[in-house]
Amino acid sequence: MKKILILFLIFIIILSGCNKEESIFKSQEEIDALKIEKERNKKVTDEISNIIKNTINFNYSFIYNILTDDIKYNYEGQKFDTVIKGKYYTANKNINYQIEDNKIFDLDNNIIIYDLYKNIDYSLIDLNSYIDKIRTYTCTLNKSSAICQKGNNTITFVFEKNYITKIEFNNGANIEYILNYNDFNNINYIEKVDYEENKIEYQKSSTIDEQTLHDELGQIYYVYNYYIKNATMEINGEKKNIIDIPEAFEKAMYNLNYDNYILENINIKQINHYIFDNNFNIITIKDDEDIWNYYLTSDEYVNNILNEYISFD
């Protein structure tokens with residue numbers, strides 16, 4: 001019996017050695033083919049990742065339809081900057097929610113909740129996660145879509161211009177995630193729940209008033225009251241001209257940077273957009289001579305200003 005066992009172990013060792021030799025001594029053609037395929041797949045996944053990253057940087061509407069273990073879960077809403085406002089519904093639950101700074105608010109009950117995603121795999125609705133996920137998949141790409149496969153898992157991406165408009169994840173069994181995206185950069189800002197409102201006041205005007213001012217170092221800058229006037233913020237019980245309050249920018253609800261979308265045919269270095277409550281906005285623009293221009297305006301005129309300097313296409 002011992003001899004039989006020893007012979008069996010020797011046979012296993014010899015067999016495993018053969019397999020090892022077979023894997024080591026691949027033909028040069030096989031090695032070259034594997035290298036070419038690896039480089040091809042990396043190029044494809046890099047291109048898909050770049051489209052995902054571009055989509056993440058934009059504001060959009062979304063609809064997620066999810067099927068897992070024969071139960072349907074649905075999420076729909078809008079993303080503006082890092083804030084998401086949406087509606088979650090399934091057979092026996094309906095929640096209006098808002099996500100900001102890693103907090104999830106139940107808007108109907110004014111409480112923080114922790115179970116919004118407990119029944120699903122969050123990584124499958126998180127655009128960021130797909131950047132790393134597809135590195136381990138084999139992907140093919142055409143003009144308007146891509147298919148990535150790994151075992152029984154299939155991920156299909158659909159593109160329009162440089163945006164992801166649809167993702168479908170399927171494991172070949174009872175799990176399916178269908179994610180739809182649209183209305184890119186066509187979303188109004190979402191008022192935050194966890195935000196301390198500022199006492200900002202101003203009047204509407206029929207003109208654009210330009211002021212030429214100097215900072216403490218004597219550097220010139222320009223202020224444009226764009227169809228508003230007398231914009232003030234209350235600081236420690238005292239109303240002050242908002243342009244005279246350096247810390248006002250730190251109190252903004254949003255600080256959006258548009259440097260990646262500056263038009264190439266204009267001499268502009270930097271654009272920031274500060275959004276406050278009471279429909280008040282400050283847009284700051286630095287030109288190629290390092291001179292700052294400040295536009296103070298209301299919501300309705302923001303696009304008039306930005307469209308002169310940036311393009312999201």
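Helices (H or I, at least four residues) and strands (E, at least two) are DSSP runs, numbered from the N terminus. With that noted, I opened the model.

**Ground rules.** I am working with a predicted model, in which local features need pLDDT of at least 70, side-chain atom pairs count only at pLDDT 80 or more, and totals for chains, interfaces and linings use all residues. Residues are numbered from 1 along each chain as its sequence is written, and side-chain values use heavy atoms, with hydrogens and water left out.

**Threonine 55.** I found threonine 55 in helix H2, which covers residues 28-56. Is threonine 55 buried or exposed? I noted it as buried, because its relative accessibility is 0%; buried means under 20% relative accessible area, exposed over 50%, and partly exposed in between (1.4 Å probe, protein chains only). Then I listed what threonine 55 touches (heavy atoms within 4.5 Å). Leaving out residues up to four places away in sequence, I got Tyr60, Leu127, Asn162, Tyr163, Ile164 and Phe184.

**Aspartate 70.** I looked up aspartate 70 in the loop between strand S1 (60-68) and strand S2 (71-80). Its phi is near 65°, a positive value in a residue other than glycine. I put aspartate 70 down as exposed because its relative accessible area is 70%.

**Tyrosine 227.** Here, too, I read a positive phi in a non-glycine residue: tyrosine 227 has phi near 65°. Tyrosine 227 sits in strand S13, residues 220-235. I logged tyrosine 227 as partly exposed because its relative accessibility is 24%.
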